[in-house]
Amino acid sequence: MAGYVSLGSYSGTMRIPEFKGINQYGDGIGTDPRFAVEASNALTTEGVLRPMGEHIMLTPSLPSPIETLARLYRRWHTVNAEKEVLIAASDGQLYWLIPGGDEWNKIDLPSDWIGNRYQLNTWSYVTYEINPEGSPAPVDVILLSNAKDGMIMVRGDTLTASIVPTPKKFGVIARFAERIWGGAIDNDPDMLVYSAPYDPFDWKQNDEYPEDGAGDIMQPSWDGDSFMALVPFGSQLMAFKRTKVWRILGTNPGEYTFKEQYGGGTAYANSVVTDVSRILMLGRDGLLQYNGESVSPYYQEYLNGIWKRLNHTELDKCFACKYKDTYYCAVPLDGSQDNNAVIMYNTVERTWLVRDGVRVEAFLPTEDALYYTSTTTPGRLWRWVVEGETAAPMRWVSGWQDFGYKNMAKGGWTVYLTVECEAEVKLDISIQTEKKLKTKQIVFDAPAEGKGVKQKRMVFGGNGRRFRVIIESEGATPWHMIGGLQIEAETDVD
């Protein structure tokens, strides 16, 4: 903490030159003041404190919850604005939407489908391409599979669905070395199946040329476990069970090598996300990392208090993605029956934040936006806003500070801060001691034309052996705290 807290003969100074997210490691006393011990909806990217933005609910809606959200990019579509298509699964049906459109369009069931709906709305999916006879160019497709309905394909040119015959019904699929791999099979939990190369419709073994055919691999663990997730990871395919992880190397059946990794797996398949040279995933006690050799806890101490609030009975509903430089993981906290908070880990700055007041069922990151579906607005689609035109209510709480002297009373605090905004902003600033909490409101206005942003000061009475500062805002106007924060405290040694 050197350089952030100093002590003079008559006063102590706490300086926060920048803000760095949440750190709940230790007892919360005398910690680096750049970190919050508690924060909600506070953004600290590039060291600047400000509120996160309110998310935007988009116009189109479906009558039932959207449980799977996917994206298909049509490379050869003639209209540039319609190359991207969103695919949604809801109430036993599939729908498509051009981003920005006003209405979801139903995708008819395959012509030879038995029944009038799909059994599940939760699908695993990959994008691929086919080369129809007579077509001047490949056709982009999306393959979707679940353990009850099996695999279907939606063509990008016609947006029609057809059945893909497979030897098993896969709960999870992945594309690796130009083959489609499937696992999470209800009656064969230890089996992985792969297609012939470049052909998701060919699942037959080629005895003469095995490298040109399909096949399957058994990797039993004899403990009732099952493959939960398949994740391409560089030149290898990672196969996750609840308690184990296997690395699959090679590009054809004659080269395939299975090697069990150290450290166990994850029970939460929807939390598994590739982040460049590692894989991040959720465990029962917090975030885990696979680093190419083993699975181990990943900086869990930073969110000790948050991980303890996880509702483990509903944790299988968690859902994660990576968007730009941030890993997002929606989780249920405090006994919630669904995801009511989102853990945000900035992989570049290595900082942790929490977004609450939002209920995410499924994420979909695209090049231009991060979409999500919510249990509180069934059938609606939302766009995640990191920082936007409307601010969310936020709260930031520093650790306790005693300047390293237990025999010293602190009081008469003077707080210096500068806030940049485009309209009037009201912040509640509190100084809390072990005795009481004192809160004052400060108002900032947009600077006059040609003028700079003014610094302001606030004076608090009272005294205590230790203190901390709390920053809160409820208004919808965005703001930035520039230059950090400084607190001067009078001191009196016993």
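A polar contact is a pair of N or O atoms within 3.5 Å; within protein, one atom must be able to donate a hydrogen and the other to accept it, and residues adjacent in sequence count only if both atoms are side-chain atoms. The legends below concern a predicted model, in which local features need pLDDT of at least 70 and side-chain atom pairs count only at pLDDT 80 or more, while totals for chains, interfaces and linings use all residues. Residues are numbered from 1 along each chain as its sequence is written, and side-chain values use heavy atoms, with hydrogens and water left out.

Strands (E, at least two residues) and helices (H or I, at least four) are DSSP runs, numbered from the N terminus. Glutamine 401 belongs to the loop between E34 and strand E35 (408-421). The side chain of glutamine 401 reaches the backbone oxygen of threonine 31 at 3.1 Å. Glutamine 401 has a relative accessible area of 0% and is buried; buried means under 20% relative accessible area, exposed over 50%, and partly exposed in between (1.4 Å probe, protein chains only). Phenylalanine 403 lies in the loop between E34 and E35, and it is buried at a relative accessible area of 9%. Although it is not a glycine, phenylalanine 403 has a positive phi of about 60°. Most residues other than glycine have a negative phi.

**View B. The open sheet that contains E34.**
Five strands make up an open sheet in the order E3-E34-E39-E36-E37, with antiparallel pairing; two strands pair if DSSP finds at least two bridges between them. Strand E3 (36-40) and strand E37 (437-444) are the edge strands, each pairing on one side only. From one strand to the next, the twist averages 15°; axes are lines fitted to C-alpha atoms, for helices over the stretch in contact, and angles run from 0 to 180 degrees between N-to-C directions. Strand E34 (residues 394-398) and strand E39 (residues 467-473) run antiparallel and are joined by four bridges. Within this pair, valine 397 stands opposite isoleucine 470 in E39.

**View C. The largest nonpolar core and tryptophan 479.**
A nonpolar core is a set of buried Ala, Val, Leu, Ile, Met, Phe, Trp, Tyr and Cys residues joined through side-chain atoms within 4.5 Å. The largest such core has 55 residues, of which Trp396, Leu417, Trp479, Met481 and Leu485 touch the most other members. E35 gives the most to this core, with six residues. Apart from it lies another core, of 18 residues, including Leu43, Tyr323, Leu370 and Trp384. Beyond its neighbours within four places in sequence, tryptophan 479 is in contact with residues including Leu49, Pro51, Met394, Val419, Val425, Leu427 and Ile471; contact means heavy atoms within 4.5 Å.

Strand E11 (residues 124-130) runs antiparallel to E12 and is joined to it by seven bridges; tyrosine 128 has valine 141 of E12 as its bridge partner. E12 also pairs with strand E13 (residues 150-155) in the antiparallel sense over six bridges, where leucine 143 stands opposite methionine 153. Three residues lie between E12 and E13 in the hairpin that they form.

Glycine 213 sits in the loop between strand E17 (191-194) and strand E18 (215-218), where it is buried with a relative accessible area of 1%. Its C-alpha atom is separated by 7.7 Å from that of aspartate 202, 11 residues apart along the chain. Valine 276 is found in the loop between strand E23 (273-275) and strand E24 (278-283). Valine 276 is exposed, with a relative accessible area of 72%, and has a positive phi of about 55° although it is not a glycine.

For cysteine 318, the nearest cysteine sulfur is that of cysteine 329, 5.0 Å away. Cysteine 318 is buried, with a relative accessible area of 1%. Cysteine 321 is likewise in no disulfide, and the nearest cysteine sulfur, that of cysteine 329, is 9.3 Å away. Cysteine 321 counts as buried at 5% relative accessibility.

Technical notes: A disulfide is a pair of cysteine sulfur atoms within 2.5 Å.
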